[in-house]
Structures are given as structure tokens and as C-alpha cells.
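Me: Please go through the aromatic pairs and the strand pairing of this model, with the cut-offs used.

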Amino acid sequence: MGVSSRTWSVSELLSGLRDRAERSGRRLIDLGQGAPVDPTPELVTAELAAAADWPGYPPAQGIEEVRTAYCRWAARRWGTHLSATDVVTTVGSKEFIATLPWLMGLSRSDLVAIPELAYPTYAAGAHLAGCRVVATPPDIGALDAIRPRLLWLNTPGNPTGESLTAVQLTEIVAWARERGITVVSDECYIELTPPGPPATSILSPEVNGGRFDNLVAVHSLSKRSNMAGYRIGFASGDPKFLAQLQQSRRDAGLIAAGPIQRAAVKALADDDHVFRLQQQYAERRAVLRTGLTAVGWQVQHSEAGLFIWATAGESDAKTSARLADLGILVAPGGFYGSTGDQHVRLSLTASLTDLVEVGARLLAAEQ
Ligand SMILES: Cc1ncc(COP(=O)(O)O)c(C=O)c1O
């Protein structure tokens, strides 16, 4: 059978380290994966229960209320004027990312550009469609010679937590428009910033001049609202591009469940739970950063998102094995791109107590 057996999954990658950590005799502290561990807000779970009776199919693009709630959220955050017709509801953002090159009709002769250190699904989706993948160089102009059809951005990024600035995003959008390239900005972590002003989105008018041609934003409620198990996200932007794409998505049955869409309306309309989560992640980030720097590690970027990206000045294999022997599971950085092979990624999806304990175990091991 011609089924690809390549793994793009961090959980499979981590299975050896997990076994090693479990053999260490220490209580396992799992910072390997980015799955939220805090409860889904009650206003969301209550709405899900209330919407459970749904015998028919939901509208493929998403119920109007959820697309309108999304537009209102984007307007609150960035002053964006989106119309509900320019929004597509997705089954979490991963399915959108994995199927996009295929549904765009890209094939063997097409190139997909992805960040140098990247969430593996950008490459997985390109490979499923048979496309070639290229890492985007720091100077985007260097892509001129090879002209990718699709350019992925990820801000704030996984694994590094780096956010693209308004200036960087504006330059990239202008570059892509001049060349007719579609730029898709995966912003699934955009709400996980320190408390204060929001991170800049590709939807920000200062970036796109109030027009959405050639650009798409990808958002998700998985991390913003602790709804990873609900599987719901959104794509918005270029009306022509999304209208065409939506026809194929409907044909392929890529439709978020109706009760989940109703629950998402409540999540999108509420900011309080997001602001509380921002506070919580800021505290976790500060504690873990302190623990790592106390033993001489260097933390890079990591201002936003769900992770700390750090180096102990040795190979990712050595650091992740050393941590596994202390009962701590982390992701080796090389999994996200070859330039990450001296780093590890530590997820902030653990209690404050466990993150303090990580620092304590590292310090004790030094002595
Ligand atoms: C950068 C990035 N994009 C997208 C996703 C997919 O998230 P979801 O499908 O839960 O929206 C993840 C998940 O970890 C991610 O790290």
C-alpha cells in the first residue's frame, strides 16, 4: 500500500524519552507536548451541553453566529473589519494546515515555504500534496528566485515563542502581494501573550492596509480557551481565495460539529478567561525561566506562546536525555528544524508547583 509511514508527531518522537523518564524513578513532569491542562471555561461547557440536541448537519462554513463572534473578536483585538462571509470554521487549525496545499491544488512542481524552525504540520501538509518544502530565510527577498506558491508564517511561533513585528509582517505581506503569493499566518498562539496589548496579527489594518487580498489568518480556540479537545478553529482573510477553498472543504466533509460551534460563540465573546490565562502563563513562564537561567541555560525569544525555547549549550539529544533521567520530559529542538539541534522546547502546560520543581531538580543535579 502506498501510505506514507513518516512520523510528524511529537508524541511519537517523545516515546523513547518518556520511557526513560518513567524509568528514572522520579515523578514524571511532562513538558514535552503543548496540550492545555487547565479546565475549559464553564461558560463554554455549559453552552456545549445546552446545544447537544443537533440532529441535522451544521452549515459547512460554520453557523453565522460563530463567524460573527469571530469577526467581533478580531475587531476588538486589532480593529479589523472582517465580514462573516470571509471566515471559514475549521476542525481545529491542524486540519486546515495539513489539507491546505492539497486543497489549493498544489503538486510536485510547487514549493511551500515554512519557517526555519517550525511546527511539523506545515511540512506534513506540503508532503501530503507532493510539494517541495523550503525554509524561509531571514531575508524574504531570497525567495524571489524560487517563488513559493504558499508562504507559512507562525506568530507567535512554535517552538521559539518569537512574535513577528508589525514592520516585519507589513514587509512580508507587501512582498507576497507583489508576486501573487498566498501568505498564511498561523496565529493559534496569538492570545498567549503577556498581559497587555495584543500581539500584531496579519489581520491588523496597519499590516494589510485594510485589505485581505493574498492573505489568510489561522486562529484556534485550542490554546486561547483550553478547548483543544473540542477541535475548532478559524481561517479568515482573502474572500476570493477562501470562497474557492470552502467549496473543496465542504466536498471533503471538513466541517466542525454544530454543538462545538455554539460553544465557540461563547468562548469568542468572552475575554475575561483569556486575560486570566495570560496571567497564569506569565507566572509559569517567569518561574521556569528563573529555574533554567539559575543553572546557566540561555532562554531565547519565548516572550509569547506556550513554550520556553532554551539551550544548555550542548546537543538537544544530550539535554533531553539528561532531563529524562531527572523525570522531566521535553522536546528536542532538532525536531523543529536542523538549526534547533542545540535547543529544547519546554511546554508551560504544567502547574506552577511542577515548574518550580523542574528548577529544583536541575539545581540539585548540578551540585
Ligand atoms: C503552531 C501550531 N499551529 C497549529 C496547531 C494546531 O492546533 P489545533 O489544531 O489544536 O488548533 C498547533 C498545535 O500544537 C501548533 O503548535
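The questions and answers below cover rings, strands and helices.

Reply: The model is predicted, so local features need pLDDT of at least 70 and side-chain atom pairs pLDDT 80 or more, while totals for chains, interfaces and linings use all residues. Residues are numbered from 1 along each chain as its sequence is written, and side-chain values use heavy atoms, leaving out hydrogens and water.

Me: How many aromatic pairs does a search of the whole structure find?
Reply: Rings of Phe, Tyr and Trp (its six-membered ring) pair if their centres lie within 6.5 Å; planes under 30 degrees apart count as stacked, over 60 as edge-to-face and the rest as tilted. With this rule, the search of the whole structure returns a total of seven.

Me: What kind of aromatic pair do Tyr-70 and Phe-234 form?
Reply: Tyr-70 belongs to helix 4 (residues 64–78) and Phe-234 to strand 8 (residues 233–237), 164 residues apart. Helices (H or I, at least four residues) and strands (E, at least two) are DSSP runs, numbered from the N terminus. The ring centres are 5.0 Å apart with 35 degrees between the planes, and the pair is tilted.

Me: Are Tyr-70 and Phe-234 buried or exposed?
Reply: Buried means under 20% relative accessible area, exposed over 50%, and partly exposed in between (1.4 Å probe, protein chains only). Ring pairs also link these two residues with Trp-73 and Trp-78 into a cluster. Both Tyr-70 and Phe-234 are buried.

Me: What kind of aromatic pair do Tyr-189 and Phe-307 form?
Reply: Tyr-189 is in the loop between strand 6 (182–186) and helix 8 (205–208), and Phe-307 is in strand 10 (residues 307–311), 118 residues apart. Tyr-189 has a relative accessible area of 5%, and Phe-307 has 2%. With 5.8 Å centre to centre and 75 degrees between the planes, the pair is edge-to-face.

Me: Which residue lies over the face of Phe-307?
Reply: A charge sits over a ring if NZ of Lys or CZ of Arg is within 6 Å of the ring centre and within 35 degrees of the ring normal. Here the distance from the ring centre is 3.8 Å, and the residue is Arg-345.

Me: Why is strand 10 largely enclosed by the rest of the structure?
Reply: Phe-307, Trp-309 and Thr-311 point one way from strand 10, and Ile-308 and Ala-310 the other way. Strand 10 is largely enclosed because, of its five residues, the number buried is five.

Me: Which residue in strand 13 is the bridge partner of Trp-309?
Reply: Two strands pair if DSSP finds at least two bridges between them. Strand 10 and strand 13 (residues 344–347) run antiparallel, joined by four bridges. In strand 13, the partner of Trp-309 is Arg-345.

Me: Which strands stand at the edges of the open sheet?
Reply: Seven strands form the sheet in the order 2-8-7-6-5-3-4, with mixed pairing. The edge strands each have a single partner strand, so one side of each lacks a neighbour in the sheet; they are strand 2 (87–90) and strand 4 (132–135).

Me: What angle does the direction of helix 5 make with that of strand 7?
Reply: Helix 5 (residues 93–103) packs on the sheet, and the strands it touches include strand 2 and strand 8. Contact means heavy atoms within 4.5 Å. Axes are lines fitted to C-alpha atoms, for helices over the stretch in contact, and angles run from 0 to 180 degrees between N-to-C directions. For helix 5 and strand 7 (215–220), the angle is about 145 degrees.
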